[in-house]
Amino acid sequence: AMIGGLFVYNHKGEVLISRIYRDDVNRNAVDAFRVNVIHARQQVRSPVTNMARTSFLHIKRGNLWICAATRQNVNAAMVFEFLNRLADTMQSYFGKLNEENVKNNFVLIYELLDEILDFGYPQNTDPGVLKSFITQQGVRSAEQQTPMGGVASKEDQSQITSQVTGQIGWRREGIKYRRNELFLDVIEYVNLLMSQQGQVLSAHVAGKVAMKSYLSGMPECKFGINDKLTLEGKSKSSEDPAKQGRGAVAIDDCQFHQCVKLTKFESEHAISFIPPDGEYELMRYRTTKDIQLPFRVIPLVREASRNKMEVKVVVKSNFKPSLLAQKIEIRIPTPPNTSGVQLICMKGKAKYKAGENAIVWKIKRMAGMKESQISAEIDLLATGNEKKKWNKPPISMNFEVPFAPSGLKVRYLKVFEAKLNYSDHDVIKWVRYIGRSGLYETRC
Amino acid sequence: MTDSKYFTTTKKGEIFELKTELNSDKKEKKREAVKKVIASMTVGKDVSALFPDVINCMQTDNVELKKLVYLYLMNYAKSQPDMAIMAVNTFVKDCEDPNPLIRALAVRTMGCIRVEKITEYLCEPLRKCMKDEDPYVRKTAAVCVAKLYDMNPQLVEEQGFVELLNDLLSDANPMVVANAVAALSEINEAKPLIEVNSQMVNKLLTALNECTEWGQVFILDALSGYAPRDEREAQNICERISPRLAHANAAVVLSTVKVLMKLIEMLPADSEFIASLTKKLAPPMVTLLSAEPEIQYVALRNINLIVQKRPDILKQEMKVFFVKYNDPIYVKMEKLDVMIRLAQQSNIAQVLSELKEYATEVDVDFVRKSVRAIGRCAIKVEQSAERCVATLLELIQTKVNYVVQEAVVVIKDIFRKYPNRYESIISTLCENLDTLDEPEARASMIWIIGEYAERIDNADELLESFVDGFHDENTQVQLQLLTSVVKLFLKRPTDTQQLVQRVLSLATQDSDNPDLRDRGYIYWRLLSADPAAAKQVVLAEKPLISEETDLLEPSLLDQLVCHIGSLASVYHKPPSSFVDNTKAPLRQLAPNAAALATNGSSSGDMDSAPGLIGVPAPSGGAVPSQDTLIADLLQLDMNPMGGSSAAAPAAPVAAPGGGLDDLLGLGGGAPSYGAAPAAPMADPLAAWGAAPAPPAAAGGGLNDLFGLGGGGGGMGGVMGGVQGFQTPKTQWLDAASHKGLQLEGAVVRKNGAIYMEMAITNKAMQPLSDFAIQFNKNSFGLVPAQPLHIAAPVFPNQTTQVSLRLDTNGPVQKMDPLANVQIAMKNNVDVFYFATVVPMLVYFAEDGMMEKREFLELWKEIPEANEQQFTIMNNRGLSADDICSKLQANNVFTVARRSVDGQELLYHSIKYTNKIVVLSELKMEITGAPTLTLSLKSRHVTALANLNEMYQQIFDN
């Protein structure tokens, strides 16, 4: 039970790409989706639509609608994952996903669709592997010989096929670098929803470990973090039980790139893998306990009269004074009937943006354990329908801090390559921590 | 140079130009031309005419060009099956190519060419490819078996491909295993040929660790169909798949959850193993909530199921389901559902404060659902009921119309769950009576008034105010009003007797709704036969409502849990309800369907399969001519009556002759209010002595008094059909400029006759009497069939309802607009003049049903110039069946129906009372496009007047 047809439309609903995989879906389906979903007047109420026994699953990327149609009971999670992966793959081939790029590359896209979806079953979608035999250039020039061009050597061909179908489908053999280097970024997004009174309604960190590896051969890597579970597991045998738990981070859940050996993680809590070449996301994780919230926002809203509102917002930074936060932006919503705003702020620059119904307060840098304040007087127009209440959106905040709010630390990252002659210390490793705001909101 | 230029629209003669370019000697030009062809194909242009020219480009060593030609071939092969055979040789040759990529491409494409003749050529290359030395070719061949099975299952079985596929499960390459298992699962779904055994499961589990993410999904989905032999095996499988919960791909995670949920059932419920396993399930599901919104949506729909099946798993995770300000609406709605399911005493405070927050958001549906959720919390967690009620009251104070209405609805449920606790808030509710305009809210309020009639001093006034507009209410409200008034009467018999009589007569005599009438009669008889029993029945203690009202039925829930991650789990419906299992193999691909849809004519498929609807014939794909309608009709004409589809409507349903109406006693002239003057009696309950006897005893004098003689039998006849559309009353005379006479009215057709329904309201200081009415000459000769008789004077501030029967045998004069009628009304004060445009449909006669042959001949006879086309909106998403029955109820008769290539064509006939005939054709897209095309034809074009508006009104009501 799989995808029957795949369509890409522009924002007007014109078809840019249409590929039918199964007989039960026909071109009428292309029109049905346009008429009933893209051209529907109301907001999209569901990413899944069933019309005349055909189900349409769609995502939107930029101005494009990417839609899979089926008449069977497909695995919906898989279809959505696939649609997102397809979008990523296209993006890695020709950059931004937009109408022009799709039109410019339609032959390439058809070629990709032929390769990564067979009879509606997703096949290998890894862009790195696909690029080894479906190339943009190959599309145009017959003179430049591509691996598919028939002139490629027999070894090349079988290397491609073993890679597409292989156990290590994400890495090819024979990679060589003069300098073996590894870049590791721990990037965390702090999400917060705080009540007006300063109570944390929900908070979590969505983190990822982003890697860039430039390593020769087929290296095996081992990666260790200060994960509570791992440390506890280890300390069973170690003599120092007092050490355990302290400074360790409790990870609620984590997910790994397909290169990580999951069974090994399950049994030994070891993250071991043969890395893809270049950039990839090794791991994603989520934590909810003991999060160090970098900022606290304290709002004070007073409705002075029917046509005047006073807002005061205090921002406090809560981390080591030696560290500097950057790109701080606080967005204070204003009612739609605002006629004017007077602003006073201690630090940074603030502006009322009428088009966005918000006061945007920007601070370039702020050290830890500091606080700053903004006061605003908002003039309101008297509107006819007083009854219609303004639905106050929360105050939201953006920032970047040079630490991981979850407390996660990289303990080690080791590289072993048995066949080639370089060892772990020959590899140059770079580690960086970045904490960014996810949805960081305080109700007011 | 970019490819987008191929999308530019080209002028006429394009096909010819392309043909030349395709046959060019220059390779470059050829390739450009093929690209243009593919671009045209993409946007839906029909380029099938280039088939031979494109195929000629197939033999090339340029792989890119080859792929493009293959793409074309897959699309059009079926319309040119004979030509497609020409390609076979190239495929067979390519399957022997030294390059594995070429071999795989050939076998992949060949399977997509759905021409029966090709299948026999496919078998040998496919067999070879399944044993190819290269895994890429083998994994492609595995899927090809599923393709072949879809076309010709028998061939696959005979040729032993299923066994070969089975062998591939032992392949050394994990991707080959994954594709083989996907293909086998699909074949097994159609017909169980291979039984999954534990040996196979072992192989799959081994491959699981090594194959691509998609392959893992195929394997897990296949495993979910396997029933382990014993506990040990079940536990073993659980252990081996649970590491997959940490996979980054949501589909892998959900499919793992599916298998685990199923296997857990097999294990002893209180084992430690289960406890640790269920612990592992929660985190990955929570993580799915930070994925892309579409995946969140799928996850939430599934979590909804999982929470119903095993409430423990996520009971600690309430917070993650809190709604974020910029979640898409579909995520918000689903989160709300899960929140309610997880609500319990320990977290109710938090939940409530969230819900209150949500109830002030902007999206109306979301706000409504939030208010409803507050009510459900009250019912679910008793300790929170008081806070919930307080919150609801606060929300009512906001006076936001839809918030108030939702609140009233849920408060009714709270009253039912906790009787005698919160009735003190009734007075607040009553203050908001005027704002309620939705049936559910009105019905809830009426229920509350009836239920607590003894505590609401002015309950009778409140209910009476609803009774005044009885006919304008929705059925739900009418039913509730009927019951509540009866309750009121039983509780306060002395002063509410008139009211109850009025409601009973409205429900039984003036209503066309069988449910309402039935309930009305039951109450009536109950009250007249045994008031004490009536009390016992109507005021009986009601069972408390249950906590969770929207739990899925357990067997359905179990079924859906087996489908976690799939569409069934998203729809919360079993697959059979949305999957069509009766797919016809090798169906017409209809490459020209788009063209068909735009040129607006129907397809020519019919000539090869007369009368078969829904099964398009495997015709050669002849391009339909522009003017096929007549041909189609001819075709229809030759079909035996009723042999095809629903083309044979039964005889008109409501066809009583004029005289019959009087017998039925339902005619407008009947004294509907005859019972009223008899009302004042000493003992109110005694008045019911005059209630009608059961229909079996019809003919009794008392029955006549109530105008119900023979009601039982007669009514059944009328109610058999769907009621025709009757335009609501509009104001004809306003009191201000007509000396206190306010007249509202409508001309309607019911029971085969035309009536003028009027509501005469006296806004003057003196009684109005001596009414008379006269019509001017008009297009259809409409005149009163009897003098206007209003028995009693209309007193100040009183309204009298009158129904006057009309005839069409009066003097005729063509009016403009056609249906305009000028009327004079006289009373003891003055004479008043007004005009009204009668809705055309009251002139649609009951004998308008035409024979097909007659219809066809007439259609051909009427010149093209007399045809008018309109677009009708299908605002209510009616199906063809709905449309036909709606039209039928209005004397628009279905002559024939046919469905052709995604379109449904409906032919109808109408006959006016003056014997003029109108023919209509309605065209609708089966896919449910929101518009219909209406073509009308008549010898007299003026007769078409505003008929399209009539259709629109019928559809909208």
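**Reading the model**

Chain A has nine helices and 23 strands, where helices (H or I, at least four residues) and strands (E, at least two) are DSSP runs numbered from the N terminus. This is a predicted model, in which local features need pLDDT of at least 70 and side-chain atom pairs count only at pLDDT 80 or more, while totals for chains, interfaces and linings use all residues. Residues are numbered from 1 along each chain as its sequence is written, chains are lettered from A and ligands numbered from 1 in the order in which they are written, and side-chain values use heavy atoms, with hydrogens and water left out.

Q: What percentage of the residues in chain A is buried?

A: Buried means under 20% relative accessible area, exposed over 50%, and partly exposed in between (1.4 Å probe, protein chains only). Of the 444 residues in chain A, 56% are buried. As for contacts (heavy atoms within 4.5 Å), 70% of those in chain A between residues at least 6 apart in sequence join residues at least 24 apart.

Q: How is the packing of helices α7 and α8 of chain B to be read, and at what angle do their axes cross?

A: Two packed helices are described by the angle between their axes and the distance between the axes. Axes are lines fitted to C-alpha atoms, for helices over the stretch in contact, and angles run from 0 to 180 degrees between N-to-C directions. The axes of α7(B) (residues 116–130) and α8(B) (residues 135–151) come within 9 Å and cross at roughly 150°.

Q: What is the strand order of the open sheet in chain B?

A: Two strands pair if DSSP finds at least two bridges between them. The open sheet has five strands in the order β9-β13-β12-β11-β10, with antiparallel pairing. Strands β9(B) and β10(B) stand at the edges with a single partner strand each, so one side of each is left without a neighbour in the sheet. The twist averages 20° from one strand to the next.

Q: How many bridges join β9(B) to β13(B)?

A: Seven bridges join these antiparallel strands, and B:Gln869 has B:Ser935 as its bridge partner in β13(B).

Q: Is strand β10(B) enclosed or open, and why?

A: Eight of its eight residues (893–900) are buried, so β10(B) is largely enclosed by the rest of the structure.

Q: Where does the backbone have a cis peptide bond?

A: Such a bond joins B:Asp816 and B:Pro817, with omega about -5°. B:Pro817 is found in the loop between β6 and β7 of chain B.
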